[in-house]
Amino acid sequence: MIKQNWQKNIIISLLFSSFIYYLWKLGILYSHSLYPVIKEGRLHIFVDWAFLIKLGACYRAGFEIYYPSSCFDQVLNYGNIFLYIPYFKLLEKFYFFYFPIIFGFLFIYLTVSLIKPKKFVEYILLLLIIFAPSSLLVLERGNTDILIFLIIILLVYSKSSIFNFVILILASLAKYYPLVLIVNFLVEKKRSIIQIITTLLLFIMTLGFFFYFTGESLELIQNKMKMISPTWGNQFSIKGLPLVLKKLKHFDYSTVLFISYIFFIFSSIVSFKIFQKSNFISKVNISFFEEKLFILGGNLSISVYLISDNVHYREIFLILLLPFIIKLKDSFEIKIFKYLFYFILFRYIFFIFANYFIMFKKYFTFIYIKAFSDIVLVSLFTAICVIMNIEILKQFTKK
């Protein structure tokens, strides 16, 4: 459970929000962290969110939304459920401006609440997380991954199985990859095997019904995935290194990807042995808040990293794993997790430093280091996650 001084967290969140606002207002954000979106000579913010609202308006006006049209030059590559967001012209400013500000502030507030900094080094970590390129990008673009981030915290925090069932359906309809979060049915509360199987079947049937109701199909989903053009410079994906080497050095993409997977598997196995030897699993309870948050956030982060091409704003899901790492470092004083904590800390420092030199100075050597550090970090988290998932299966089979 998140135990916190909420007044203190709100003050810290307001300070962070104000500072980000001035970074944006003074143009520092666009000269040190990310590129602005300029159209027709105007700066556009919250473009990822605005894109969905505009496509919904085009859909209701009868325009094509899966291919460029005279209404809008972009196409829908998210779930059709976004087309059913109610829109009222009188509230235009709320839709395009205030709503993304609200869920952006919630993201900052919940990040502060999850990290719960007590020591100086934890305050430094929090500062680095908030001003990491991934966090600044997802906030400035108003990307819907913030909503998935909020939904995962709701899933862990909520005690209502019906509520969790509904928001997991909505998340899966919106962006597909949250289907990985069905592991929540195993850790949400104690259930018998029959109850879990029944819940999973009901979930699949309900999801299938809404896919049909909203006009989704396997062919349409595949077509949407083909429309996504991966960016080669700011990836959080095991495919990041192959994309860079193909672009800059003309290496064979498939060969580098194969080597990346081999290195990832090797690193995960070595890490698994190390973490298993620490016997941390005997000191934790998978029904506790930090553990459940790690299981959901870990399964999601690892899945998207290994399977899809991702702009690095999906690194925000790694934030969900950190409360458990801090707990193991502080509460149980397991030395290996202290080392992992400092590796994460220095990686954030490098991420901020490298992103500036990659984007604005074109020092592409930093991309290789960043991609390598991503593989190492995700393999470490994978090892812990596998141990946690094995523990879930052990408890499941005992039932």
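**Loops, a disulfide and helix packing**

Glu40 lies in the loop between strand E1 (37-39) and strand E2 (42-44). Strands (E, at least two residues) and helices (H or I, at least four) are DSSP runs, numbered from the N terminus. The model is predicted, so local features need pLDDT of at least 70 and side-chain atom pairs count only at pLDDT 80 or more, while totals for chains, interfaces and linings use all residues. Residues are numbered from 1 along each chain as its sequence is written, and side-chain values use heavy atoms, with hydrogens and water left out.

The backbone of Glu40 has a positive phi, near 55°, in a residue other than glycine. Glu40 is exposed, at 82% relative accessibility. Here buried means under 20% relative accessible area, exposed over 50%, and partly exposed in between (1.4 Å probe, protein chains only). Lys116 is another residue other than glycine with a positive phi, in this case near 45°. Lys116 sits in the loop between H4 and helix H5 (120-130). At 21% relative accessibility, Lys116 is partly exposed.

H4 and H5 meet at an angle of about 155°, and their axes are 10 Å apart. Axes are lines fitted to C-alpha atoms, for helices over the stretch in contact, and angles run from 0 to 180 degrees between N-to-C directions. H4 and H5 are therefore roughly antiparallel to each other (angles over 145 degrees count as roughly antiparallel, under 35 as roughly parallel, 65 to 115 as roughly perpendicular and the rest as oblique). Their crossing is right-handed. A crossing is right-handed if the near helix is turned clockwise from the far one by less than a right angle, and left-handed if anticlockwise.

The structure holds one disulfide, a pair of cysteine sulfur atoms within 2.5 Å. Cys58 and Cys71 form this bond, with their sulfur atoms 1.9 Å apart. The pair links distant parts of the chain, 13 residues apart. Cys58 belongs to helix H3 (residues 47-60), and Cys71 to the loop between H3 and helix H4 (92-115). The torsion about the S-S bond is about -85°, so the disulfide of Cys58 and Cys71 is left-handed. Cys58 is buried, at 2% relative accessibility. Cys71 is partly exposed, with a relative accessible area of 31%. A further cysteine, Cys385, is buried at 2% relative accessibility.

H7 passes H8 in a left-handed crossing. Leu147 is located in H7. This leucine is partly exposed, at 21% relative accessibility. Leu147 and Ala174 are 27 residues apart along the chain, and 9.9 Å separates their C-alpha atoms.

Ala174 is one of the buried residues of H8. H8 is mostly covered, with 11 of its 15 residues buried. Among the others in this buried set are Ser161, Asn164, Phe165, Ile167 and Leu168. Lys175 is buried as well. From first C-alpha to last, H8 reaches 21 Å, close to the 21 Å expected at 1.5 Å a residue. The expected span is 1.5 Å times one less than the number of residues in the helix.

Helix H10 (residues 193-213) has 21 residues. H10 reaches 30 Å between its first and last C-alpha, close to the 30 Å expected. Its buried residues are Ile196, Thr199, Phe203, Thr206, Leu207 and Phe211. Seen down the axis of H10, these buried residues fall within an arc of 135°, so they line one face of the helix. The arc is that of the directions from the helix axis to the C-beta atoms. The face of H10 turned away from the buried side carries the exposed residues Ile194, Ile204, Met205, Tyr212 and Phe213. Gly215 follows H10 and has a positive phi, near 85°.

Leu300 is buried, with a relative accessible area of 0%. Leu300 and Pro178 are 122 residues apart in sequence. In space, they are 7.0 Å apart, C-alpha to C-alpha.
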